[in-house]
Amino acid sequence: MKIKTITISLFVIALLGLIGYRVFSNAEESAKNNKKGDKKPPMMVDAVIVSEKDFANTISLSGSIEANENVEIRSEVSGIVEKIYFTEGTNVSKGQVLLKVNDIELRAQLSQATTRQSLASENERRAKLLLQKEAISQEEYEIASAEFRSLKAQTQLIQAQIAKTSIRAPFSGKIGLRNISPGTYVTPTTLITKLVSSNQVKISFSIPEKYASEVENNTPIQFTIPNNTQKFTAKIYAIEPEIETSTRTLKIRAIAENPNGKLLAGTFATIELPLKNIKGAISIPSEAVVPVQDGKVVYIANNGKAKEVKIETIARTDKDVIVTEGVKSGDTILTSGVMALKDEADIKVKVKQAKLPTSNF
């Protein structure tokens with residue numbers, strides 16, 4: 001009985017030992033496998049090798065076209081419109097009479113003033129003769145002379161008012177649509193029509209203050225207008241002397257010839273403004289740039305690992321970014337999978353040929 005009990009006990013102990021050995025072996029093997037699985041294979045990424053090249057920096061801006069000269073035609077005197085001498089939408093010459101305001105009352109006043117002036121002139125002449133004969137005092141002569149000068153000034157004032165009843169074009173240009181008809185009573189507040197000179201047009205636009213020092217008068221620019229593939233040229237002729245504080249921009253005006261009248265005032269314009277060329281610029285694909293909280297970073301290949309580098313940029317094209325700090329010629333910039341990369345991540349690099357941007361922004 002004892003031998004049987006001992007035999008069973010030894011069998012149980014041996015069985016438990018075998019089970020324990022298998023459990024320990026499996027655990028050790030699983031730990032080894034897990035350790036091997038922790039090491040991920042290197043990430044496949046595309047990259048370019050950058051080099052320094054001169055970059056013709058051009059920025060694209062929005063602006064508007066304005067008439068070279070644009071004026072609202074109003075009457076300086078009040079009265080009934082007697083005659084209109086212009087046709088809407090036609091060209092007029094400088095000094096051409098556009099309309100006539102009735103001046104019958106002013107002419108009556110002029111006749112009266114002329115008569116009084118003639119009488120005062122005769123009185124002044126007689127007083128001068130009497131003064132020479134010492135028949136009157138100097139004071140009496142001066143009173144007669146002052147009366148003549150006063151009436152003469154009144155006559156000139158009425159003549160000036162009569163001249164204002166003929167409203168003339170202040171410059172040559174195209175007349176707009178009229179807002180009055182013959183017989184309308186006009187006042188200085190009545191808008192009669194508009195006159196626009198469009199043989200030349202102004203292009204107004206604003207640039208960010210960081211480019212203010214790079215813009216000069218007589219700089220040629222190119223611009224386009226909607227629904228027209230033609231590129232027009234203009235030349236900068238005026239620059240605002242101060243930065244606008246609310247927008248931190250500088251206002252600029254250029255002038256362009258418009259002999260065919262294709263450029264209409266009020267039209268939106270897209271302007272290409274050339275700035276100073278950047279010497280030794282480094283251009284990298286825009287997809288390589290990762291925005292972060294305090295700026296921008298790129299990843300550089302460094303001995304099989306990705307190295308995070310902070311960069312400073314100055315310009316952007318449709319496909320590329322111009323870098324001023326953080327990247328140097330010869331660096332291998334990673335261009336794919338950058339959003340998933342981390343500093344010191346293992347990588348396998350496929351290098352592509354870098355290209356200088358062909359179209360500026």
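Author: Let's start with Lys231, which counts as partly exposed because its relative accessibility is 44%. On this scale, buried means under 20% relative accessible area, exposed means over 50%, and partly exposed lies in between, using a 1.4 Å probe and protein chains only. The side chain of Lys231 meets that of Glu272 in a salt bridge, at 3.3 Å from N to O. A salt bridge here is a side-chain nitrogen of Lys or Arg within 4 Å of a carboxyl oxygen of Asp or Glu. Lys231 sits in the loop between E11 and E12, while Glu272 belongs to strand E14 (residues 268–274), so their pairing ties together parts that are 41 residues apart in sequence. Strands (E, at least two residues) are DSSP runs numbered from the N terminus. Glu272 is also partly exposed, with a relative accessible area of 33%.

Before going on, please keep in mind that this is a predicted model: local features need pLDDT of at least 70, side-chain atom pairs count only at pLDDT 80 or more, and totals for chains, interfaces and linings use all residues. Residues are numbered from 1 along each chain as its sequence is written, and side-chain values use heavy atoms, with hydrogens and water left out.

Now to the strands. Strand E12 (residues 232–239) pairs with E13 in the antiparallel sense over 4 bridges, where pairing requires that DSSP finds at least two bridges between two strands. In this pairing, Lys235 stands opposite Ile255 of E13. E13 (residues 249–257) also pairs with strand E10 (residues 193–208), again in the antiparallel sense, over 9 bridges. There, Phe205 is opposite Ile252 of E13.

Another salt bridge joins the side chains of Arg248 and Glu209, at 3.2 Å from N to O. This pair links distant parts of the chain, 39 residues apart: Arg248 is in the loop between E12 and E13, and Glu209 is in the loop between E10 and strand E11 (220–224). Arg248 counts as partly exposed because its relative accessibility is 39%, and Glu209, at 36%, is partly exposed as well.

How many salt bridges does a search of the whole structure find? It finds 12. Among the residues involved, Lys100, Asp103 and Arg107 are linked in a network of salt bridges.

Finally, a word on confidence. The mean pLDDT of the protein, the predictor's confidence in each residue from 0 to 100, is 85, and 86% of the residues reach 70 or more.
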